[in-house]
Amino acid sequence: MLKRVSLVLMAVAILATTAQAKTIMFASDCTWPPMEFMSEGKQCVGFAPDLVMAMAKAGGFTANIQNTAWDGIFAGLAAGKYDVIASSVSITEERKQAMDFSDPYFEVKQGVVVREDTGIKTEADLAGKAVGAQIGTTGFFAAQRIAGESAKSYDEVGLAIADLAAGRLDAVICDDAVAADYALTNPEYAKSLALGFMIVPDAPEYLGFAVQKGDAKTLETLNAALKAVKDSGEYDTIFNKWFGSN
Amino acid sequence: MAEKRQAKIDVTDGAAIPSAKDRGLLSAWWVSIIGALTAIALLSLSDNPAYFASLKFLFPDGIIVTFKVTVFSILLALLLGLVTGLGRISHNRAVNLVASTYVEVIRGIPLLVQLFYIYFALGHVFRNLPRMDEALEMFQHWPDFAAYGMAHICDFLKNMPPLVAAVTAMGFCYGAYMGEVFRAGIESIDKGQTEAARSLGFDRRQTMFLVVLPQAWRTILPPVGNEFIALLKDSSLVSILAVADILRRGREYASVSFNYFEAYTMVALVYLIITLLLSKGVSAMENRLNYYDHHN
């Protein structure tokens, strides 16, 4: 009898360890279509969530994505509220001082969205114009470089786009994928907004998953999983799903 | 039937005004102001340069914008408040209903939602208004001045700058509160004053503007000062409209440098010092206004 009990206990213990596959908490600001955004079913969907889910499968961990406001997303990481930021975070030197990054998973440029009729085609055309972007993004850093003090920061890129459409801004700077989504495919704005031009970067800009400074273990898991997803061709499947095959 | 006894509590926003009689509060004021000023000075001079850097980021434009929003909003609120207060005690039923409904509706909607509504929801509607030249053509059958007026109104609404939108939203919200202040102030004046003025041959309007309002002003001013302080604090909400006030500047600094603790500590201290100074001013004003009450 005692033997049977101990056998059952052992079985339970083994099952528990396998079921106890590591859970990694991801934070995404789901206001950045098509990279990560809220679906009508109130799910965070987009390129990054799909990629994270594929990585979880390949890497044998459970991914839990929580929607987090952008302003403060880095503070939350530092405070240990989640393990990873998967929110189109560009890898920059300044950010590397405060956190560690996975291998790049996407390359972006900064796109400039303008109203259809304004004829803004170069950075020089933006002189003296009202330029806006989401607070704390590389798009806002570009806006500050171009417009200086008068660059306007918004909590969400969608609010900046709304102000652009309303005529309170002349240009909004954001990741090219997001810029294209608003200017070309968004049913609300595609008719009135256009993609003015791309800012030519000094060095290529990559997106990475951000983890707490010194969190080598999570970084290793992420990098291995990312590599597996890229090698298996699943990365390309997800890429084509969101950005077409061109 | 036994008359129901009702306990009545006057709910005011008086927390911001230290009463002159309250020695405890007075010393609390000194502790707060000296503490805040010392904290700012020590932190700015400390080894951590992030404190001074974040403070520098707030000056001067962040503070100017905060004051601009507050001052213009309170002016609009005073105007709306006077009209609303008079409307609330009006014997004209339609006017009374309009004023009361305004107060009821505005009081029932959070300020943050009002800001979003006026800026983004109405902004979306205004976007589809005709341009200046289109408007002029649209109204060409109207008399010249009316057509010009309409065209300019359309143009203004279409291109409403963020600061104006913020001031409009804050002004409309606080106008409702101010209306209640005005109403209470006017009603606090003894009926005898009105009766005396009327029997001396003043008409209704003369009674209100020459007899009642000048006396009511003394009751109204302290709560108005109080609302001014409350409005200054609430003006931090406009930072969501990309209006570069103190809070917005602090957030911009923090989002780049990741020095959240330093930036928000400085933002909090700057707000604290401003409101402490203002509340001192308001309580000084209250003392002056109470002068005659004490010496009668």
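**Entry 1: one residue of chain B.** I began with I229(B), which counts as buried because it has 22 C-beta neighbours inside 10 Å; by the cut-offs I used, a residue is buried if 20 or more other C-beta atoms lie within 10 Å of its own, exposed if 12 or fewer, and partly exposed in between, with the C-beta atoms placed from the backbone. I found I229(B) in helix α10 (residues 204-234) of chain B. I also checked I229(B) against Y264(B): they are 35 residues apart in sequence, and their C-alpha atoms are 20 Å apart in space.

**Entry 2: conventions.** I noted that this is a predicted model, in which local features need pLDDT of at least 70 and side-chain atom pairs count only at pLDDT 80 or more, while totals for chains, interfaces and linings use all residues. Residues are numbered from 1 along each chain as its sequence is written, and chains are lettered from A and ligands numbered from 1 in the order in which they are written.

**Entry 3: chain B as a whole.** I counted 12 helices and 0 strands in chain B, where helices (H or I, at least four residues) and strands (E, at least two) are DSSP runs numbered from the N terminus. Of the 296 residues in chain B, 32% are buried. Among its contacts with a separation of 6 or more, 77% join residues 24 or more positions apart, a contact being two residues whose C-beta atoms, placed from the backbone, lie within 7 Å.

**Entry 4: where chain B meets chain A.** I found 17 residues of chain B in contact with 18 residues of chain A. On the chain B side, the elements that give two or more residues are α5 (111-126) and α11 (246-257), and α11(B) gives the most, with 5 residues.

**Entry 5: helix α8 of chain A.** I compared the length of α8 (residues 216-231) of chain A with expectation: at 1.5 Å a residue its 16 residues should span 22 Å, and its end C-alpha atoms are 22 Å apart, which agrees; the expected span is 1.5 Å times one less than the number of residues. The buried residues in α8(A) are L219(A), T221(A), L222(A), A225(A), L226(A) and V229(A). Seen down the axis of α8(A), these fall within an arc of 160°, so they line one face of the helix, the arc being that of the directions from the helix axis to the C-beta atoms. On the other side of α8(A), A216(A), K217(A), E220(A) and D231(A) are exposed. I then asked what the buried residues pack against, and found α2 (47-59), β6 (84-90), β7 (99-101), β14 (205-212) and α9 (234-243) of chain A. After α8(A) comes G233(A), whose phi is positive, near 85°.

Entry 6: Leaving aside neighbours within four places in sequence, I saw V84(A) in contact with residues including F26(A), F209(A) and L222(A).

**Entry 7: two domains of chain A.** Chain A is divided into domain 1 (21-107 + 205-243) and domain 2 (110-199), with bounds from an automatic or database domain assignment. Their C-alpha centres lie 25 Å apart, and 12 residues of domain 1 are in contact with 12 residues of domain 2.
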